[in-house]
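The sequence and structure are shown first.

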Amino acid sequence: MSGHYGQFDIRWGMVIDLDKCTGCGACMVACQAENNVAIQTDASNKRLVTNWMLVFELSNGKSFPDHEVAYLPRPCMHCGNPSCVAVCPATVTTKDEEGGIVSQIYPRCFGCRYCMASCPYHARYFNWYDPVWPEGMEKTLSPDVSVRPRGVVEKCHFCHHRWMQAKDKARVAGEDPKALPQEAYQTACTQACPNGAITFGDLNNPEHTVHELAHSEYAFRLLERLGTEPQVYYMSRREWVRRAGDNYLADEKTGSVKNEHHS
């Protein structure tokens with residue numbers, strides 16, 4: 001599905017295997033380095049920090065020896081029906097580009113933070129401080145990603161600059177930029193994951209691995225019952241992990257719990 005914002009021939013998305021994720025945080029580090037996410041002046045205050053990719057720890061709530069944990073990386077979901085787009089008064093965030101990536105146009109943002117309030121995944125962050133890097137570290141900044149000033153909201157954009165580069169490379173080679181092979185465009189977190197837990201590609205393309213994984217019986221999406229239709233899927237063979245995605249509704253007739261999985 002592509003949601004209420006139109007049908008897209010290309011729909012970039014992720015499938016994250018939670019049974020492979022060890023919570024190492026490599027995806028978080030790669031995301032920050034690739035996208036010039038500023039170093040935090042006080043990382044102890046979780047209300048003011050910025051992490052486009054954040055890893056959460058899940059627990060089955062049982063005591064030893066039955067205790068189990070799982071780790072859940074959470075980027076922007078790039079929803080098919082993004083609540084953030086509807087509330088933005090400045091058309092900063094849109095979902096109108098082929099690929100279905102929810103944009104964030106920083107020069108337009110005046111920091112009202114309506115998008116943050118509407119996002120059920122807490123995937124958006126407000127810049128409380130001007131970005132500052134220790135002397136010498138400014139030389140490590142990527143020239144492909146703009147540095148965001150204080151007073152704007154920022155978030156994951158699936159390393160959008162890499163997609164632009166992949167399309168330009170395809171055009172130079174005389175190839176169709178709308179038919180990129182999976183390896184032509186990959187996000188930084190996907191490449192950095194040591195366990196291969198993150199798979200990225202076109203959800204609409206049967207030749208891309210994510211197309212098959214998203215239709216697995218073990219695939220689910222976070223808070224899918226809200227109708228946001230995320231383009232980020234998760235996988236786990238453990239029932240309690242899938243249930244932790246809060247993807248279940250009570251049957252109106254019987255009152256029993258049923259799985260609301262859509263692919």
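## Backbone features

His-122 lies in the loop between α3 (114-118) and β4 (125-126); helices (H or I, at least four residues) and strands (E, at least two) are DSSP runs, numbered from the N terminus. His-122 is not a glycine, yet it has a positive phi of about 50°. With a relative accessible area of 58%, His-122 is exposed, where exposed means over 50% relative accessible area, buried under 20% and partly exposed in between (1.4 Å probe, protein chains only). The model is predicted, so local features need pLDDT of at least 70 and side-chain atom pairs count only at pLDDT 80 or more, while totals for chains, interfaces and linings use all residues. Residues are numbered from 1 along each chain as its sequence is written, and side-chain values use heavy atoms, with hydrogens and water left out.

A positive phi, of about 55°, is also found at Phe-158, which is not a glycine. Phe-158 is placed in the loop between β5 (153-154) and α4. The peptide bond from Phe-64 to Pro-65 is cis, with omega near 10°, and Pro-65 belongs to the loop between β2 and β3.

## Nonpolar cores

In soluble globular proteins, nonpolar side chains tend to be buried together. A nonpolar core is here a set of buried Ala, Val, Leu, Ile, Met, Phe, Trp, Tyr and Cys residues joined through side-chain atoms within 4.5 Å. The largest such core has 48 residues, and those with the most contacts inside it are Trp-12, Met-14, Tyr-121, Phe-158, Tyr-185 and Tyr-234. Two or more residues of this core come from each of β1 (12-17), α1 (26-34), β3 (69-74), α2 (83-87), α4 (160-172), β6 (198-202) and β8 (232-235). Apart from it lies another core, of seven residues, including Leu-203, Val-210, Ala-219 and Met-235.

Phe-158 counts as buried because its relative accessibility is 1%. Leaving aside neighbours within four places in sequence, Phe-158 is in contact (heavy atoms within 4.5 Å) with Trp-12, Gly-13, Met-14, Cys-76, His-78, Ile-101, Tyr-185, Thr-187, Phe-200 and Val-232.

## Two further buried residues

Thr-199, in strand β6, is buried, with a relative accessible area of 15%. Beyond its neighbours within four places in sequence, Thr-199 is in contact with Gly-13, Met-14, Val-15, Gln-182, Thr-209, Val-210 and Leu-213.

His-161 is found in helix α4 and counts as buried at 9% relative accessibility. With neighbours within four places in sequence again set aside, the contacts of His-161 are Glu-34, Asn-35, Asp-144 and Val-145.

## Salt bridges

A salt bridge is a side-chain nitrogen of Lys or Arg within 4 Å of a carboxyl oxygen of Asp or Glu. By this rule the count comes to eight. In one of them, Arg-238 pairs with Glu-68, the closest N and O atoms being 3.7 Å apart. Because Arg-238 lies in the loop between β8 and α7 (239-244) and Glu-68 in the loop between β2 (54-59) and β3, the pair ties together parts that are 170 residues apart in sequence. Arg-238 is partly exposed, with a relative accessible area of 22%, and Glu-68 is partly exposed, at 33%.

Arg-148 forms a salt bridge with Glu-154, with 3.2 Å between the closest N and O atoms; both Arg-148 and Glu-154 are buried. Arg-221 and Glu-224 meet through their side chains at 2.7 Å, N to O, and both are buried. Salt bridges that share partners join Asp-19, Glu-68 and Arg-238 into one network.

## Pockets and cavities

On a 1 Å grid over the protein atoms alone, a cavity is a set of points where a 1.4 Å probe fits but cannot get out, and a pocket is an open set with protein on both sides within 12 Å along at least five of seven lines; lining residues have an atom within 4 Å of a point. Grid points are joined across faces, edges and corners, and a volume is the space filled by probe spheres set on the points. The largest pocket has a volume of about 410 Å³. Of its 19 lining residues, the closest to its centre are Lys-46, Leu-48, Val-49, Asn-51 and Tyr-125.

There are six cavities of 30 Å³ or more, and the largest cavity has a volume of about 170 Å³. It is lined by 18 residues, of which Ala-38, Gln-40, Asn-127, Tyr-129 and Pro-131 are the closest to its centre.
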